[in-house]
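Me: I have a structure open and would like to learn how to read it. Please take me through it feature by feature.

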Amino acid sequence: MKRTCKHVIVTGGAQGIGRIVTEELLNHDYNVSVFDIDNEAMEELRPHFHRRSCDFFITDVSNEVSVRSSIRAALKKFGPAYGLVNNAVYEIFKPMEELTPDEWNRAIATNLTGTFFCSRYLIPSLRETKGSIVNMCSTRAFQSEANTESYSASKGGIFSLTHAMAVSLAPDVRVNSISPGWIDVSAIKKKKIARQVPLSEEDHLQHPAGRVGNAWDIARMVLFLMDAENSFVTAQNFVVDGGMTKKMIYV
Ligand SMILES: NC(=O)c1ccc[n+]([C@@H]2O[C@H](COP(=O)([O-])OP(=O)(O)OC[C@H]3O[C@@H](n4cnc5c(N)ncnc54)[C@H](O)[C@@H]3O)[C@@H](O)[C@H]2O)c1
C-alpha cells in the first residue's frame with residue numbers, strides 16, 4: 001500500500017532518541033515537524049536541517065493550548081499528518097517520600113496526557129491519511145528499579161493507551177508503542193549538556209545482545225511502524241532492549 005502523505009510529527013524531537021528519529025525520517029523522505037519545549041536545542045538543529053523538509057515548533061505537550069497551536073501551524077506548513085511519534089518525556093527518579101505532587105503531576109502530564117493531547121487533536125488528519133501513531137513506552141512499564149514511580153506509572157499508562165487508541169481509531173489509524181531498554185543518548189543533547197558517558201564492558205555484556213542500545217536501534221523500529229506496507233501491525237508494543245527483560249537474574 002502506498003502512503004498518501006509523508007508528514008510526521010515528532011514530539012521531543014530536538015534531543016536524544018527523538019532527534020535521531022527525526023534525522024532518519026528525513027533520510028527516508030518524510031517531512032518532519034519537531035514539537036519540543038526546548039527552543040535552545042531546536043535552534044541548534046535548525047541550521048543542520050535548513051535545506052531539508054523539517055520545521056520546529058516550540059511546544060509543551062502537557063499544555064492543550066500549546067499542542068493545538070503547534071498542530072495548526074505544522075499542518076499549515078506540511079499538510080495533513082501521516083505520522084505521530086509521541087516521544088517527549090519528563091523523567092524524575094526520586095524516593096516516593098520526596099517526590100512532590102507537582103513532580104508527579106508533571107511526569108503524568110508530559111508523558112501520558114501529552115501523548116493523549118497530540119493524538120487526540122491529530123485524529124482527523126491521521127484518519128484522512130490512514131496514518132500511524134508510535135508511542136514511546138519503556139521497559140520500565142513492566143519492571144522497576146526503586147524510586148521510579150511517576151515515570152513507570154506514566155509508561156504503564158502509555159502501554160494501555162496504545163491498545164485502547166488502536167481499537168478506537170481502527171481501521172483508519174494504526175497505533176503501536178516501542179519499549180526501549182537502555183539506550184545511550186548522553187551525547188545526543190544540546191551542546192551545553194551533551195557529554196558521552198563512558199560505558200563499561202559490564203554495561204555492554206550484561207545485555208544478551210552484547211551491547212547497550214543506541215538511538216538508531218529505536219529509529220529503525222519507528223521507520224518499520226511508519227511504513228504503510230506494515231498495515232497488519234497495530235495495537236502492539238515492541239520491546240527493543242537487547243534481550244534484557246527476558247534475562248533471568250539470580251544473585
Ligand atoms: N534513553 C533511554 O534509555 C530510554 C529508555 C526507555 C524509554 N525511553 C523513552 O524514549 C523517549 C526519548 O527518551 P530520551 O532518553 O531520548 O529523552 P531526552 O531527554 O534525551 O529527550 C527528550 C526530549 O523531550 C523534550 N521535552 C521534555 N518535556 C517536553 C514537553 N513538555 N513538551 C515537549 N517536549 C518536551 C526535551 O526537551 C527533549 O528534547 C522517552 O519517551 C523515554 O521515556 C528512553
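**Strands, helices and the ligand**

Reply: Helices (H or I, at least four residues) and strands (E, at least two) are DSSP runs numbered from the N terminus, and two strands pair if DSSP finds at least two bridges between them. The model is predicted: local features need pLDDT of at least 70 and side-chain atom pairs count only at pLDDT 80 or more, while totals for chains, interfaces and linings use all residues. Residues are numbered from 1 along each chain as its sequence is written.

Me: Which residue in strand 3 is the bridge partner of D36?

Reply: The partner of D36 is I58.

Me: In what order do the strands of the sheet lie?

Reply: Strands of a sheet pair through backbone hydrogen bonds, either parallel or antiparallel. Here 7 strands form an open sheet with parallel pairing, in the order 3-2-1-4-5-6-7. Strand 3 (54-58) and strand 7 (237-240) are the edge strands, each pairing on one side only.

Me: Which strands does helix 2 touch?

Reply: Helix 2 (residues 39-49) packs on the sheet and touches strand 2 and strand 3. Contact here is a pair of C-beta atoms, placed from the backbone, within 7 Å. The direction of helix 2 makes about 165° with that of strand 3; axes are lines fitted to C-alpha atoms, for helices over the stretch in contact, and angles run from 0 to 180 degrees between N-to-C directions.

Me: How do I check the length of helix 4?

Reply: The expected span is 1.5 Å times one less than the number of residues. Helix 4 (residues 101-129) has 29 residues and should therefore span 42 Å; its end C-alpha atoms are 39 Å apart, which agrees.

Me: What follows helix 4?

Reply: K130 follows helix 4. K130 has a positive phi of about 55° although it is not a glycine, and it lies in the loop between helix 4 and strand 5 (132-136).

Me: Which residues come nearest to the ligand?

Reply: A residue is near a molecule if its C-beta atom, placed from the backbone, lies within 6 Å of it. Of the 27 residues around the ligand, G12, G16, D38, A88 and M136 come nearest. Helix 1 (16-27) and strand 2 (31-36) are the elements that give two or more residues to this shell, and helix 1 gives the most, with 3 residues.

Conventions
Two residues are in contact if their C-beta atoms, placed from the backbone, lie within 7 Å.
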